[in-house]
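User: Could you take a close look at the aromatic side chains here and walk me through how their rings are arranged?

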Amino acid sequence: MPHNARVLLLLLLLLLSLSLTAESRRMGGRRKRWSEPEETLKPGKTLGETPDAVVLIGKTGLEAGMVNGPLSRKIIDGTKTRKLKTSHLLRVDEHDFTMRPAFAGPAVPVGVDVQVESLDSISEVDMDFTMTLYLRHYWKDERLAFPSTTNKSMTFDGRLVKKIWVPDVFFVHSKRSFIHDTTTDNIMLRVFPDGHVLYSLRVTVTAACNMDFSRFPLDSQTCTLELESYAYTDEDLMLYWKSGDESLSTDDRISLSQFLIQKFHTTSRLAFYSSTGWYNRLYINFTLRRHIFFFLLQTYFPATLMVMLSWVSFWIDRRAVPARVSLGITTVLTMSTIITGVNASMPRVSYIKAVDIYLWVSFVFVFLSVLEYAAVNYLTTVRDGKDRKLREKLKEQSQPLPCTCGMPHTKTMMLDGMYSEADANSLAGYTRASMAAEDPSDKQEQMVVHLTLDNESTETKKKGIRSFRIIQNTHTIDTYSRMIFPGAYILFNLIYWCVYC
């Protein structure tokens, strides 16, 4: 019995181990089946490595690009499975794009529109302007037509532009220009199924602008950006504004520090070259009006203040030579500096500008104030010298007369004829009473003596008064200058601003 029990126990253990082995095999197979589709989702594993994956090509909708596994489906990008080149779709290799569309036929119409992004700078010295814009071309090239059920366009970057024909538009009178290339070339090409093409690029161009500075800084300038085909005449390429004046659009935020943008407009005309023929030319015209406030602060107000400062010398004493001379020289040098600074920022034109008229007239007023004091100082010096000589002469003549006892006084006085009124008054012994008491025969001569002395006294007195008035007239020059200089300058300003404003 114990032996049978032992055998039975071994059989049970054997059956239990067999059952566990079968169960472990069944679980292992099930785990393997669940793990295989997960491997197809790993990024490192390709579709070809999945045994159950089937790619459906040629079907539409969600069926295209499905991965069918036992337990899962995954949508994939169809462009990665089908290798189709753009050149094959547009048939670039089948045509010769070195020739224009409809070669040897009618002219190709090329519409143009422009969007001005910014007006960067205006240079008076170089007479040019810098502008950044989006330049767009529109034309039809049937060689680029392609079949499409959705009638949607295809957009490409600048790499395709090198393989097809594009218009050869350039900027006339441009000094520098470039296509922006950050982060890549700013070129866009859009092709429609019927062959219409949109070619857009972002350009910065610096072009010449013929400016007239005769009214500077109260001027308005009109600048023009000109577009033209370089190789194709009007018989091969017809360049035109796509939507008329609406073909030009600008950003409302465009502003310049010195100018007010008044108007943008477009025009077009034919340009003739004697050696090549007629070409279509498009014009972008814009008018700029200069802001005057900057020049009022930097030029006109300082010049006016220097002129007014020169008038201060008219109220300074004419004998204060250092004060008046230093003030005059300072104002003259300051005006010279202002004129030099204005001309340094301007081109060397051969005509007179409005600002030149104002500055040079102001300089003349300052210079005349210096000349006025030179004249006053000279006249004062001359009259002071004459007055000093006259005082010395009067001092010599005012000494006591020598004794003329027993001599006929009338004859003596007649011979001298140089006595002043003080000398006549010093003849105390020859009063009218003593003259009347003398011999009547001498009365006539005595009266002659008295009249002669009176005449001499009157002439000397008039000379003294005249000399005094001349000396006083040197100060009167300053008095008149206080009214004449400001009045003349105010009159000049009224005429100037009425003419140029």
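Analyst: Happy to! Let's start with a charge over a ring: Arg269 lies over the face of Tyr283, 4.6 Å from the ring centre. The rule asks for NZ of Lys or CZ of Arg within 6 Å of the ring centre and within 35 degrees of the ring normal. Lys242 does likewise with Tyr138, its charged end sitting 4.8 Å from the centre of that ring.

A word on the source: this is a predicted model, where local features need pLDDT of at least 70, side-chain atom pairs count only at pLDDT 80 or more, and totals for chains, interfaces and linings use all residues. Residues are numbered from 1 along each chain as its sequence is written, and side-chain values use heavy atoms, leaving out hydrogens and water.

Now the ring pairs. Rings of Phe, Tyr and Trp (its six-membered ring) pair if their centres lie within 6.5 Å; planes under 30 degrees apart are stacked, over 60 edge-to-face, the rest tilted. That gives 27 aromatic pairs. Phe170 and Tyr230 are edge-to-face, because their planes stand at 80° with the centres 5.3 Å apart. Phe170 is in strand 6 and Tyr230 in the loop between strand 10 and strand 11, so their pair ties together parts 60 residues apart in sequence; strands are DSSP runs of E, at least two residues, and helices runs of H or I, at least four, numbered from the N terminus. Tyr230 is exposed at 62% relative accessibility (over 50%; buried is under 20%, partly exposed in between, with a 1.4 Å probe and protein chains only), while Phe170 is partly exposed at 25%.

Tyr300 and Trp497 make a tilted pair, since their planes are at 50° and their centres 5.1 Å apart. This pair joins helix 4 to helix 10, so it ties together parts 197 residues apart in sequence. Tyr300 is buried at 1%. Both rings belong to one aromatic cluster, whose members include Trp311, Phe365 and Tyr489.
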